[in-house]
Amino acid sequence: MTNLNRRKALSLGVALGLVGSASATPAWAWSPAGSVAGTGTGADPWWVWDDEVDAVVARLFAEGRIPAVNTAMASWVNNSDPLPAGLPAELSAWLQKANKLPAWADPVTLRRAADFNRRKDTYLFMLYGLGSGIMSTVIPREAKSVYWSAGGADMQDRAAKTFTFGYDLSDLNAFEPSGQFVVTANKTRLVHAAVRHLLPQSPHWRAVADEQKQIPISNGDILITFHSLGTFVHRKLIEWKVPMSAADEEAFLHSWQVAIHLLGVREEFIPKTWAEADAQSASVLTPLLAPTFEGKELAEDLLGLTAQIDLGVTRGFLNEFVRYVLSDEIGDWLGLKRDYAAAGLIRAGWPAYIAFREGLLPVAPAGFYMFDQFIRAIAMLFLNKGGSATTTPITIPTGNRPGA
């Protein structure tokens with residue numbers, strides 16, 4: 001990496017609320033002493049996948065049983081639902097072990113996280129959708145894997161299913177029997193196993209992939225996704241001066257710790273504090289951010305969706321909000337055209353909007369209604385194509401991007 005690129009990566013890390021120096025490859029030097037386990041084997045998460053479920057799903061593909069499994073799982077939605085009848089015995093046995101919270105999950109803290117998510121849902125909508133969602137397009141491995149998989153060919157459907165993960169995690173009953181997140185996490189874990197089986201069969205993906213063994217979605221990749229979501233959102237809430245108690249912050253982290261455990265990340269890799277999460281993120285996320293052909297295509301697809309449900313939100317306003325949340329550098333990487341009038345409105349209006357919502361301003365600021373409409377438009381995009389605010393079906397893919 002040249003000195004210029006190192007400076008750019010460092011400045012981008014500062015802009016995103018992350019700190020650390022850039023490196024050419026994600027060298028794993030984070031100590032497991034900072035994990036929820038408190039100790040570890042010394043393993044490198046870039047060389048750790050999800051071997052048991054990967055073997056189960058590979059056999060389901062070999063036996064042609066994926067469509068039947070999808071049919072059986074369609075009615076499996078709530079955490080309290082029994083495992084579907086008719087699942088292959090091997091899959092059912094694995095789910096019986098995986099479909100539960102870890103012993104260290106704290107129900108009281110998880111309930112506080114749910115309440116925090118309810119109180120801050122407006123900001124979470126925006127940061128998950130326009131922050132993390134667009135950031136994923138400049139995480140090269142993620143962008144390439146998404147683009148060449150089946151989901152990359154229908155980004156509105158994939159966005160709805162991806163949003164389901166965050167939506168279910170943010171629900172008041174996320175981890176309760178009446179919630180859906182545990183089931184959503186297990187279905188997502190099965191999808192990851194399917195993608196690990198299918199993508200290596202794509203010559204297009206193999207031509208651009210640099211994963212170890214050319215197998216996608218390692219524990220390291222899931223950690224990167226956690227940092228582009230949980231860690232990033234936490235830092236932006238602080239930057240935006242959104243009031244949070246220490247207990248709220250701890251609860252928000254705990255919900256994400258449980259979430260990535262349910263996705264198959266080893267406990268020795270899961271940060272136990274936000275300070276540890278920031279340190280880990282600085283070494284494994286920030287240095288990797290870069291533009292790719294696939295990422296630019298995906299970003300354009302995602303940002304172009306608003307034309308379908310325009311509520312007075314212009315594309316220029318959308319572009320500038322992405323720049324405001326992520327940085328002008330990422331906006332330039334993605335070729336987002338400038339709208340300086342919208343940029344000025346956002347930079348002055350969004351802090352005032354937050355202050356009013358948090359009771360720090362007595363009168364609604366100019367533009368309050370417009371921001372509310374903007375948030376509504378983003379929410380409608382991701383809630384099952386505007387068709388449902390409760391459930392987006394998650395199914396195991398049976399192939400890659402058409403033609404890939």
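Which residue forms a salt bridge with arginine 119? I started my notebook there, keeping in mind that this is a predicted model.

**Entry 1: Arginine 119**

I found the partner to be aspartate 248, with the closest N and O atoms 3.0 Å apart. Arginine 119 sits in helix H5 (residues 107-119) and aspartate 248 in helix H12 (residues 246-262), so this pair ties together parts that are 129 residues apart in sequence. I then looked up how open each end is. Arginine 119 is partly exposed, at 30% relative accessible area, whereas aspartate 248 is buried at 4%.

**Entry 2: Other salt bridges**

My search of the whole structure turned up 20 salt bridges. I picked out glutamate 320, which forms one with arginine 338, the closest N and O atoms being 2.8 Å apart. Glutamate 320 belongs to helix H15 (residues 315-326), while arginine 338 is in the loop between helix H16 (328-333) and helix H17 (340-357), so the pair ties together parts 18 residues apart in sequence.

Next I checked aspartate 328, which pairs with arginine 323 in a salt bridge at 3.3 Å between the closest N and O atoms. Aspartate 328 is partly exposed at 32%, and arginine 323 is buried at 3%.

**Entry 3: The nonpolar cores**

Which residues have the most contacts inside the largest nonpolar core? I noted Phe175, Phe181, Trp256, Phe321 and Trp350, in a core of 93 residues. Helix H6 (residues 121-135) gives the largest share of this core, nine residues. Apart from it I found another core, of 21 residues, including Val57, Leu60, Leu190 and Leu198.

I followed up on phenylalanine 175. Leaving out residues up to four places away in sequence, its contacts include Asn79, Leu101, Leu110, Phe181, Ser255 and Leu262.

**Entry 4: Serine 136**

Is serine 136 buried or exposed? It is buried, because its relative accessible area is 16%, and the cut-off for buried is under 20%. I located serine 136 in the loop between H6 and helix H7 (140-148). The side chain of serine 136 reaches the backbone oxygen of glycine 133 at 2.5 Å. Not counting residues up to four places away in sequence, serine 136 touches Glu142 and Ala143.

Conventions
Residues numbered from 1 in each chain as written. Predicted model: local features only at pLDDT ≥ 70, side-chain atom pairs only at ≥ 80, totals over all residues. Heavy atoms only, no water. Core = buried A, V, L, I, M, F, W, Y, C linked by side-chain atoms within 4.5 Å. Buried < 20%, exposed > 50% of the residue type's maximum accessible area, 1.4 Å probe, protein only. Helix = DSSP H or I, 4+ residues; strand = E, 2+ residues; numbered from the N terminus. Contact = heavy atoms within 4.5 Å. Polar contact = N/O pair within 3.5 Å; in protein donor to acceptor, adjacent residues only side chain to side chain. Salt bridge = Lys/Arg side-chain N within 4 Å of Asp/Glu carboxyl O.
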